[in-house]
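Here are my notes for you on this structure, written as numbered points. Keep the model open beside you and look up each residue as you read.

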Amino acid sequence: MWFWFAGVSALMLAAPAGAATVAPFSSARTLAGQPFEPGRQVTIVNFWATWCAPCRAEMPMLDTFYRKHRAQGLGMLAISVDQGVSTGRLREVTGQFAFPVARLDAVKMPRRDIPVALPVTRIYDRSGRLVFATKGDGRTPLDAATLERLVTPLLAAP
């Protein structure tokens with residue numbers, strides 16, 4: 001049984017080119033009430049919570065990356081999995097960031113795709129295919145160099 005789990009864990013680290021996961025969700029509405037539609041953009045989806053210190057630590061880096069690349073066709077949505085936290089509190093925590101934020105309950109997605117540990121960042125190419133996902137163990141944070149290495153070539157592709 002351990003070998004099956006190890007294989008699934010490896011998939012979560014870097015999805016192979018032929019991965020079957022397509023599109024991060026069927027619809028999402030941001031805290032501002034706007035629909036988020038990835039369209040034909042390279043899309044970063046970050047699952048986080050206000051109580052998650054590693055989540056809050058990586059968000060400024062994600063914001064810097066998003067600001068640098070959004071004009072090149074980069075979309076990003078941070079999905080809060082917080083329960084019982086007010087929308088005002090979520091806006092307070094994320095107000096300085098340029099990327100849109102949504103509550104999990106405003107995102108239509110299969111329950112199986114909701115991470116069980118945080119933070120989790122998933123990267124989708126322009127066709128909506130999952131190309132990378134972090135483990136969500138809180139000990140292996142995503143960094144700007146990894147984003148540059150993974151996302152910049154996707155942005156250059158038609």
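1. Start with helix α4, residues 144–156. It has 13 residues, and at 1.5 Å a residue these should span 18 Å; the end C-alpha atoms are 17 Å apart, which agrees. The expected span here is 1.5 Å times one less than the number of residues. Helices (DSSP runs of H or I, at least four residues) and strands (runs of E, at least two) are numbered from the N terminus.

2. Before you go on, a word on what you're looking at. This is a predicted model, so local features need pLDDT of at least 70 and side-chain atom pairs count only at pLDDT 80 or more, while totals for chains, interfaces and linings use all residues. Residues are numbered from 1 along each chain as its sequence is written, and side-chain values use heavy atoms, with hydrogens and water left out.

3. Back to α4, which has a kink to find. It bends by about 30 degrees at Leu150, with a proline, Pro153, following within four residues. The bend is the angle between axes fitted to the seven residues ending at a residue and the seven starting there. At the start of α4, a side-chain oxygen of Asp143 comes to within 3.3 Å of the backbone nitrogen of Ala145.

4. Which residues of α4 are buried? They are Thr146, Leu147, Val151, Leu154 and Leu155. Buried means under 20% relative accessible area, exposed means over 50%, and partly exposed is in between (1.4 Å probe, protein chains only). These buried residues pack against β2, α2, β3, β6 (120–124) and β7 (130–133).

5. Now try Ile123 in strand β6. With 0% relative accessibility, Ile123 counts as buried. Its contacts (heavy atoms within 4.5 Å) include Leu147, Leu150, Val151 and Leu154, as well as Val42, Thr43 and Ile44, not counting residues up to four places away in sequence. The C-alpha atoms of Ile123 and Asn46 are separated by 8.8 Å, although the two residues are 77 apart along the chain.

6. Helix α3 (residues 87–94) deserves a look too. Its buried residues are Leu90, Val93 and Thr94. Seen down the axis of α3, they fall within an arc of 85 degrees, so they line one face of the helix; the arc is that of the directions from the helix axis to the C-beta atoms. They pack against β2 (42–48), α2 (53–69), β3 (74–80) and β4 (101–103).

7. Leaving out residues up to four places away in sequence, Thr50 touches Arg56, Asp82, Val85, Leu90 and Val93.

8. For a contrast, find Ala32 in the loop between β1 (27–28) and β2. Ala32 counts as exposed, at 61% relative accessibility. Ala32 and Thr87 are 55 residues apart in sequence and 9.7 Å apart in space, C-alpha to C-alpha.

9. Pro119 sits in the loop between β5 (107–108) and β6.

10. Finally, zoom out. The chain has 4 helices and 7 strands, in the order α-β-β-α-β-α-β-β-β-β-α. Of its 158 residues, 46% are buried. Among contacts between residues at least 6 apart in sequence, 72% join residues at least 24 apart.

Key. A polar contact is a pair of N or O atoms within 3.5 Å; within protein, one must be able to donate a hydrogen and the other to accept it, and residues adjacent in sequence count only if both atoms are side-chain atoms.
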